[in-house]
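Thanks for coming. I will keep this short; please look at the sequence and the model on the screen while I talk.

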Amino acid sequence: MRTDQDPMGRAIADYHQDGKAARLRVFSPMFDEDEIPVKTLFRTLQEMPAIEQEALRQARGSILDVGGGAGCHALALQQMGKQVTSIDISPLAVATMQARGVQDAREQDFFTHDGQYDTILMLMNGIGIVGTLSRLPAFFMQVDQLLAPGGEVLCDSSDICYIFEDEDGIIDLTGIDGYYGELTYQMQYKTVKGSPFPWLFIDPETLIEQARACGFQAEVIARGEHYDYLARITRVKR
Ligand code: SAH
């Protein structure tokens, strides 16, 4: 990814260097403008949501941290004595991870990465990088390439049906074009504005169903405080 089109990488690099950063702004046609507090990308194990802590506890063997960002999960895993490779498409994020002590951080795209792992970790709506439901078969094919026998994916997401709730608490999903969890995001940091990209939030039932169609089995292993959940995905035994 080009550095002049990488607002999140720029924010991560600034925060690492200065201990503070400007606003990392997020735009989506579905929402009012929002922002990601850059500090949260540097969260410690204790500051992580319970479902992330649980994922780190369960991660075993050779671990792939997908979309490592500032390296918070990789650093926590290293502290626990676990073996982790962290990949990210942002060169600024990768350089920051390396500077923070992540021993194996690489600038790689999940969809073209090569390797064999016992655990694939995708946290902070990590499955979002799949973008749209239509890309799930390609995602599962790549998971099949990367997972060692008996390996598993641990990923989190949210059922964002709540954003369609009206004042009476009624959720009306009719009239939505396509799957309601398919969002488009665009980020800006200072004057660096990235291109819009598709970002998927998937509800557990849809994940379970789509996984099954691709020869995998998904199960919810923990629930968060607000429609978020942690899932385990394994190959269906043949
Ligand atoms: N997991 C981190 C960062 C989440 S932000 C955390 O929880 O704090 C998502 C990260 O995924 C960004 O750093 C982005 O550059 C990276 N990313 C997006 N698409 C990717 C892809 N196809 N392969 C690898 N990393 C990707």
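I begin with Lys 190, which counts as exposed because its relative accessibility is 52% and the cut-off for exposed is over 50%. This is a predicted model, so please keep that in mind throughout. Where does Lys 190 sit? Lys 190 is in the loop between β8, residues 182-189, and β9, residues 192-193. Its backbone is worth a look: phi is positive, about 50°, although Lys 190 is not a glycine. As background, most residues other than glycine have a negative phi.

Next is Tyr 227, another residue that is not a glycine and has a positive phi, near 65°. Is Tyr 227 buried, exposed or partly exposed? With a relative accessible area of 36%, Tyr 227 is partly exposed.

Now the ligand. It is surrounded by 17 residues, and the closest are Arg 43, Gly 67, Asp 88, Asp 109 and Phe 110. By type, the shell has eight nonpolar residues, six polar and three charged.

Arg 43 places a polar side-chain atom 2.7 Å from an oxygen atom of the ligand. Gly 67 uses its backbone: a polar atom there is 2.8 Å from a nitrogen atom of the ligand. For Phe 110, a backbone N or O atom lies 2.9 Å from a ligand nitrogen atom. How much of the ligand does the protein bury? Taken alone, the ligand exposes 580 Å², and the protein buries 89% of that.

That is my part; over to you.

Technical notes. Residues are numbered from 1 along each chain as its sequence is written. This is a predicted model: local features need pLDDT of at least 70, side-chain atom pairs count only at pLDDT 80 or more; totals for chains, interfaces and linings use all residues. Side-chain values use heavy atoms; hydrogens and water are left out. A residue is near a molecule or strand if one of its heavy atoms lies within 4 Å of it. A polar contact is a pair of N or O atoms within 3.5 Å; within protein, one must be able to donate a hydrogen and the other to accept it, and residues adjacent in sequence count only if both atoms are side-chain atoms. Accessible areas come from the Shrake-Rupley method with a 1.4 Å probe; for residues, only the protein chains shown count as cover. Ala, Val, Leu, Ile, Met, Phe, Trp, Tyr, Cys and Pro count as nonpolar, Asp, Glu, Lys and Arg as charged, and the others, Gly among them, as polar. Helices (H or I, at least four residues) and strands (E, at least two) are DSSP runs, numbered from the N terminus. Buried means under 20% relative accessible area, exposed over 50%, partly exposed in between (1.4 Å probe, protein chains only).
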